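Hi everyone, thanks for coming. Let me put the model up, and then we'll walk through a few spots together.

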Amino acid sequence: MNTNELWQAVLGELELQISKANFTTWFRNTFIASFEEKNIVVAVPNTFTKTWLEKKYYKEIQTLIQQFTNRPIRNIVYRVETRQQDPQPIPTEPEKKYTENDPFDEAFASFELHPTPVLKQASGDLSLNPKYTFQNFIVGKQNELPHAAAQAVSSQPGETYNPLFIYGGVCLGKTHLLQAIGNEIKRRNPQTRVLYVTCEKFTNDYIHAVRNGRAKEFKDTYRNIDLLLLDDIQFISGKERTQDEMFHTFNALHQNNKQVVFSSDRPPKAINSLESRLSSRFEWGMMADVGSPDFETRVAILQTKCREKNYLLQEDILHHIATTIQNNVRELEGALNKIIAIHQFKQIVPTLETVKPALASFQPNKTRKNITAKQLIHSVAQYFDLPVEDLLGKSRQKRLAFPRQIVMFLMREEMKASYPAIGAELGGRDHTTAMHAYDKIQDCLLEDERLQNDLELIKQQLYTT
Ligand code: ADP
Ligand code: MG
């Protein structure tokens, strides 16, 4: 078995063990770069994949390689390195031909004709707003992955992650990142044909084109570009014909190595009535989520915005704003604007005392997003790639018992649930079982770095989706 075959065998096994989304995100474009004695170097496309594989899949990969090679593997090193990959073959599907009498989807049915020449607006780069750049995008823990992926896409469009799928809650910078990609690519190569559209506009353009017998013109516009940035793709939910068109648009672009970037307020799996062939396309390249900014990032964002507005605020004031407003970046900016406006109007220098009343209308957000037992169980099950039924079931196998104890621990820590309630949620177990689980995980956490990391990742996933 050569290294290539070995890695294919490992990937084949892993694919069975973990979910498809995880598999495509973390294992595409990886390969064994070298294999000597007991040391293996696995090449990965970027530092995030590297960290992730080191932290989450180290053991699995090591075990599999040992199994396949029949020798002890002492050390696996992950190194960032790329090689030219063959473009993925795309199964071709004939495009459906619709006629006027076909059933319309919801969007078609409710669409009202606007007299605007939509297609004309779509072409050209008017769709890009120069104010969104990488330079004024603040990077923190919650968005470093999407940010890095966006930069990778900007420097090698069509090559690294195609498509890139960025998802996360409102006003956390998704549109900013999409636009920054467009602006950066235009800066590097002004000839690039970039098209930024919201899903809503894509839908309207398409319906309009079909209604006016200009479907071909639509296809020409959307398929003869180098970079397609499609914002807020969740709105495609339930719109069958638009999904169909998007599927073919995506295929046409992807086949020609043209970069496509999507944004959504939720991961593909959570978009209702999304055709599976489309959702699987979304998951092909890289999926990266943006979370709410942490305190340090919020302060950094405020500092940047102050600098942009040429307005000086003392550090204690910035800290106060960042403590009061935790939800999203737009609220942060809104609060800052309000403070500036009030103080300029009164012609006074802001102090903590004068700023506090200005923020009274912004509710402090002390508790994090409320989570339910169901969400928590789901997250843990997903993380360990276990069916929820097994997690709640009777079996005491270690591979189930340990994740189950993690659920109990997190329910106590994150939801402040009582032990009897925890027992009840987990398939009617006794409260002493829950107490024992809590103590056990707490003990393990003291020295088990891997477990600490597991819990961090689970919480991250829980609070950001
Ligand atoms: P979304 O598309 O996720 O709803 P936006 O990209 O529209 O959010 O962001 C809302 C506002 O917050 C925009 O003005 C954007 O420039 C700003 N913003 C969001 N995230 C950041 C960030 N990390 N650094 C700087 N500005 C940000
Ligand atoms: Mg947006």
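Let's start with a pair of helices: H7 and H8 cross in a right-handed way, meaning the near helix is turned clockwise from the far one by less than a right angle. Quick housekeeping: this is a predicted model, where local features need pLDDT of at least 70, side-chain atom pairs count only at pLDDT 80 or more, and totals for chains, interfaces and linings use all residues. Residues are numbered from 1 along each chain as written, chains are lettered from A and ligands numbered from 1 in the order written, and side-chain values use heavy atoms, leaving out hydrogens and water.

Back to our pair. H7 is residues 144-155, H8 is residues 174-188, and they pack at about 25° with axes 9 Å apart. Helices here are DSSP runs of H or I with at least four residues, strands are E runs of at least two, and both are numbered from the N terminus. The axes are lines fitted to C-alpha atoms over the stretch in contact, with angles from 0 to 180 degrees between N-to-C directions. So H7 and H8 are roughly parallel, which is the word for angles under 35 degrees.

Now some strands. S1 (residues 31-36) and S2 pair antiparallel over five bridges; pairing takes at least two DSSP bridges. Serine 34 has valine 41 in S2 as its bridge partner. The two strands make a hairpin with two residues between them, and glutamate 37 in that turn has a positive phi of about 45°. S2 also pairs with S3 (residues 75-80), in the parallel sense, over six bridges, with valine 44 opposite valine 80.

Technical notes:
Angles under 35 degrees count as roughly parallel, over 145 as roughly antiparallel, 65 to 115 as roughly perpendicular and the rest as oblique.
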